[in-house]
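Please go through the briefing below alongside the model.

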Amino acid sequence: MLNAKWPGSEGASDAEFALQLFSGLIVFTFFGDVVGRAPTLISDQPNMVKKVIFPLSIMPWVSVVSAAFFAGLSALVLMAGAWLAMGKLSVHVVALPLVVLAFLPVLLGLGWLLSSLGVYLRDLGHVVGLLLTPLMFLSPIFYPVSALPELVQGLMLFNPLALIIDSVRATVLHAQWPDFYALAVYGCVALCVSLLGAACFHKTRRGFADVL
């Protein structure tokens, strides 16, 4: 309706902008669902902590799987839209699970970390909610990384969503393979985040019952 064009693809169809935007929003919503719920994941279930013998470390897994289900449905809509807009889907779509696989340890690690800290810091949920909004605009959702100044492009390396968004767009919309080397490095860092979050969760879980 606004006849908006994606930077660098002004000659593309009118659906191009919507698909580019939707692909970025899928990743951000996936991330936001997990991270936004994490600080209250344990504190909202005191009976699970005090009265029921339950493996609490599973709760971040449940949150990630639940968010992944809806992200998967959105990804199917994205692929259907790309097929209608471009007339076909490229074989590069088969690399999409690898992108998700590199992203999952970050979500799990942050889920464990924030859910454990949220028991002791009750305002953490409000802080995380406030941080998610600027993160949306600081991520390449409404624009490609290539449209940014070179200095800012370098800073995008520290954005946990930038590479994943670019990789989703490459595989589904641009008929390109993702940067496998960058994904491998990202996966190693993501694994470290996951281990750190798991260690923090297991170290602090002993005090959950006393605090709640």
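How are α1 and α4 oriented to each other, roughly parallel or roughly antiparallel? The two helices are roughly parallel (angles under 35 degrees; over 145 would be roughly antiparallel, 65 to 115 roughly perpendicular and the rest oblique). This is a predicted model, in which local features need pLDDT of at least 70 and side-chain atom pairs count only at pLDDT 80 or more, while totals for chains, interfaces and linings use all residues. Residues are numbered from 1 along each chain as its sequence is written, and side-chain values use heavy atoms, with hydrogens and water left out.

**Packing of α1 and α4**

- Helix α1 covers residues 15-37 and helix α4 residues 96-120; helices are DSSP runs (H or I, at least four residues), numbered from the N terminus.
- The angle between them is about 25 degrees and their axes are 9 Å apart, where axes are lines fitted to C-alpha atoms over the stretch in contact and angles run from 0 to 180 degrees between N-to-C directions.
- The crossing of α1 and α4 is right-handed, meaning that the near helix is turned clockwise from the far one by less than a right angle.
- On the α1 side, Val27, Phe30, Phe31, Val34 and Val35 meet Phe103, Leu104, Leu107, Leu110 and Leu114 of α4, with contact meaning heavy atoms within 4.5 Å.
- By class, this contact of α1 with α4 has 10 nonpolar, no polar and no charged residues.

**Pro60**

- Not counting residues up to four places away in sequence, Pro60 touches Leu41, Leu108, Gly111, Trp112 and Ser115.

**Ala175**

- Most residues other than glycine have a negative phi.
- Ala175 has a positive phi of about 55 degrees although it is not a glycine.
- Ala175 lies in the loop between α7 and α8 and is partly exposed (between the 20% limit for buried and the 50% limit for exposed), with a relative accessible area of 38%.

Definitions and conventions:
Nonpolar A, V, L, I, M, F, W, Y, C, P; charged D, E, K, R; others polar. Buried < 20%, exposed > 50% of the residue type's maximum accessible area, 1.4 Å probe, protein only.
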